[in-house]
Every structure is written in C-alpha cells, then in structure tokens.
Amino acid sequence: MSDNLQRYRLLQSFLPPPSQRRLLLLTGARQTGKTTLVKASYPDLRYINLDAPENREMLAGLPTAAWGRDVGNAIIDEAQKEPVVFEKTKYAWDEGSIAFGALLGSSQILLLERIRESLAGRITLFELWPLLMRELRLPGEEQAPCGPPLLDQLLEGVPAGTVLADLPSVTMGREMLAAWEAEEHLLRWGGMPALLPLAAADRWQWLRDYEHTYLERDLGDLARLRDLAPFRKLQRLAALRSASLLNYSELARDAAIGVDSSRRYLEYLRLSYQVVLIQPFHENLTSALVKTPKLYWLDLGLLRSLSGQLEGLTGSLYETMVVGEILKWVRTARKRAELFFYRTRSGLEVDLLVEQPSGILAVEVKGRAVVTATDVRPMQELAARLGRRWLGGLVVYRGKSLQQVAAPDIWAMPSHRLLG
C-alpha cells in the first residue's frame with residue numbers, strides 16, 4: 001500500500017460535475033479528507049475556509065446582493081461557523097447569480113439545521129467516511145480510480161447466487177495480497193487518512209490527539225459542555241460496547257451520569273460520525289423480537305485507542321469492522337438499502353439484514369477462518385420466515401474460500417473479498 005494521503009476516494013465518482021447546476025453539502029467526521037476531496041474534484045472553484053475569523057467577518061459583512069459577484073461559485077469549508085452563509089447562498093442561488101457551490105463541515109447537527117432553515121430542496125447531501133477497505137488496497141498510482149467492491153453487486157436487489165455462482169472460489173497473487181493487507185490495516189488502525197505515512201508509535205499518538213481535538217471542536221459546536229470528564233468516560237465505555245445491544249441505563253450507571261445524559265451524549269457521538277446505531281428489524285415476523293438498537297463505532301483505530309484494545313482481534317472488533325464497511329458503502333454509493341439486525345428473545349440472531357426494495361440480504365459475521373453448520377442455522381430459519389423476500393445469506397469470515405455452504409442461497413464470504 002502507498003502511504004500517500006492523496007488517495008482516490010470512491011465518493012468522487014458520485015459527486016456532480018461543476019457543469020451541472022447544483023449545490024452540494026459534504027459532511028462527515030473530522031479528518032476524513034473532505035477538503036482534499038472537494039479541492040481535487042473542483043480545482044477551479046474558489047476556496048474559502050470559515051475556520052479563519054477574518055473570512056467569517058468578510059462573508060457576514062458582504063451585502064447579500066453582492067454574493068454572486070464577490071463569492072460566486074465556491075467551496076465554503078466549515079460552513080456551519082457562519083449562519084448567514086446559508087441565507088446568502090440561498091438568495092444567490094434563487095436569483096441565478098451562482099450555478100454551483102459546495103458547502104463543507106463536520107458538525108452534522110448544525111449543518112442540517114441550517115440547511116432545513118435556508119436550503120431545503122435546493123441542496124444534495126454527501127457523506128465522506130474514513131477510508132474504505134477498497135480505497136486502502138489501491139495498487140499503483142494513488143489517484144488511480146478503482147471500481148466498487150464486490151459488495152456493490154449484492155446491493156442491486158438480485159439473489160446472492162446470481163452474483164456469486166460464477167466467481168472463482170479463491171483469488172490469488174497480487175489481488176489477494178492487496179486486499180488482505182488493506183483488511184489488516186483497517187482492523188488495526190482504522191481508516192483515517194492522516195495515519196498512512198506515520199510510524200506505529202506516531203499513529204497511536206495521532207489517535208489520542210484526535211480524541212482531544214474532537215472534544216474541543218465538535219463538542220464545542222454541538223454541546224458547549226463545561227465539564228468534559230463525564231462525556232469522556234461515557235465515550236470510552238461506549239467504545240468497549242461496540243457491536244453490543246445498547247442499554248442506556250447500564251451505560252449511565254457505569255459512567256455515573258443520568259440516563260438522559262447518556263442518551264444525549266450518545267446522540268452527540270452519532271451526530272459527529274463517531275458511532276452509528278443499527279435498529280432491530282421492524283417487521284413482526286415473531287412477537288418476541290428484541291427492540292433495543294445495537295451500537296457500532298465507525299472507526300476501528302479510534303475505538304482501539306479509546307478502549308485500550310491496542311492488540312489482538314476479538315469477535316466484536318471484527319464485527320464492528322464488517323458492519324461499518326457495509327454501512328459506509330451503502331451511504332457512499334447512496335444505495336436504496338436500510339440496515340437492521342435481527343434478534344429474538346429466545347436467542348435467534350442474525351448480525352445484519354440489508355433491506356432492499358426487492359428483498360433482504362442477511363449477513364452473519366464470524367471472526368475466524370472456518371464456517372460451521374451452526375453459523376448458518378439462524379439464517380435458514382429467517383429465510384423460511386421471509387419467504388420470497390429472501391435474497392440470500394452471507395457468512396462473512398476470515399477465511400479465503402468463497403463457496404455456497406447451505407440452502408437457501410447461503411454463502412461463506414471472505415471479508416477481504418467482499419469489501420476489498
């Protein structure tokens with residue numbers, strides 16, 4: 001793997017060209033490469049960073065009628081820092097004095113609130129996540145475009161066997177090695193682009209520094225917390241619970257805070273792209289479904305740093321990586337798919353259901369190199385309940401062989417093959 005920061009990002013293929021009349025909002029966690037991506041995609045647009053107080057003052061004092069002339073088609077970074085940007089952009093867009101613009105920021109709640117107030121119906125939302133496994137494995141030129149992962153074909157609403165039956169059972173040579181190395185990096189360090197050129201000790205220091213930067217900047221925007229210690233404690237406890245059912249009361253007790261505070265702090269983590277909550281499947285296939293969401297951390301490097309799990313690979317860490325990668329691709333490619341998990345009170349469980357308009361793909365995650373008969377039984381029961389809506393099942397594992405392991409249409413799928 002090259003360690004150059006200027007990597008091709010798959011989101012680039014979904015961004016509109018500047019020749020279109022479009023406004024776009026690009027958001028995501030801090031340090032995921034939003035500015036680098038947009039500057040590379042739109043090199044001829046003026047760039048204005050509102051982290052600089054003088055830029056905020058300039059735009060705040062600019063007459064609205066002069067926006068199209070003096071700002072024009074532009075990239076505006078950290079747009080949430082100056083609320084009038086949204087109103088003046090709306091005015092210039094509606095009167096036709098600008099035809100293209102890109103607003104960037106990492107404070108999701110402030111951005112979306114201001115979009116709803118000023119630019120609803122006029123702007124398209126894109127999200128940039130930490131590097132995908134597919135982006136980490138790029139051979140040769142760092143900026144060379146790459147195609148989507150195999151996962152993409154399984155999100156087209158067709159049965160799994162239609163996609164997988166004619167594929168070779170194993171990949172070999174440079175292709176397999178590149179995917180395997182990318183997975184190993186992701187499982188140990190996560191996908192933050194800034195880590196790539198650093199030595200191991202410097203990577204851990206960067207991740208620790210990121211915690212402080214996040215607390216100071218995003219929480220300053222979101223919450224204005226006077227005492228960060230309770231939030232920091234909950235953050236670490238949440239990292240230890242990744243891939244687990246979320247129990248707000250238990251989390252509040254262990255963090256020595258109120259339940260309302262635990263809910264509020266988890267919402268801050270979600271809004272700043274640190275965690276995601278996967279909801280239980282919403283259809284009543286049985287009256288005994290669990291109704292509590294599952295918590296997943298979105299970057300494994302940050303999770304390891306927060307939780308102290310610097311070495312080794314547990315089942316929950318591996319599941320966190322797989323579920324995170326699937327979610328990141330669904331959101332990046334703007335797929336018509338919703339993610340759920342399935343669990344009954346009697347113990348029947350499937351880690352992930354990908355609901356598409358034509359049916360449901362099931363995913364079970366196993367952090368080992370073999371697949372057993374017991375791994376597929378929950379999916380077989382679920383398939384019987386779903387009937388015609390069943391699109392197939394994947395047991396995603398750390399092995400090397402892609403093969404059908406059971407009916408109906410259940411496959412052992414190496415994670416580096418699915419995602420890399």
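**View 1. Strand β10, mostly covered.** Of the eight residues in β10 (residues 349–356), seven are buried, meaning under 20% relative accessible area with a 1.4 Å probe and protein chains only. Strands here are DSSP E runs of at least two residues, helices are H or I runs of at least four, and both are numbered from the N terminus. This is a predicted model, where local features need pLDDT of at least 70, side-chain atom pairs count only at pLDDT 80 or more, and totals for chains, interfaces and linings use all residues. Residues are numbered from 1 along each chain as its sequence is written, and side-chain values use heavy atoms, with hydrogens and water left out.

**View 2. The partners of β10.** Strands count as paired if DSSP finds at least two bridges between them. On one side, β9 runs antiparallel to β10 over five bridges, with Y342 opposite V350. Five residues sit between β9 and β10 in their hairpin, and G347 in that turn has a positive phi of about 110 degrees. Strand β11 (residues 359–366) is also antiparallel to β10, again through five bridges; here Q356 pairs with G359. The β10–β11 hairpin gets by with two residues.

**View 3. Two loop residues with positive phi.** Most residues other than glycine have a negative phi. Y273, between α12 (259–271) and β7 (275–280), has phi near 65 degrees instead. Y273 counts as buried because its relative accessibility is 7%. R334, between α14 (315–332) and β9 (338–343), has phi near 55 degrees.

**View 4. A cis peptide bond.** Look at A407 to P408: this bond is cis, with omega near 0 degrees. P408 lies in the loop linking β13 (403–406) and β14 (410–414).

Note on methods:
Buried < 20%, exposed > 50% of the residue type's maximum accessible area, 1.4 Å probe, protein only.
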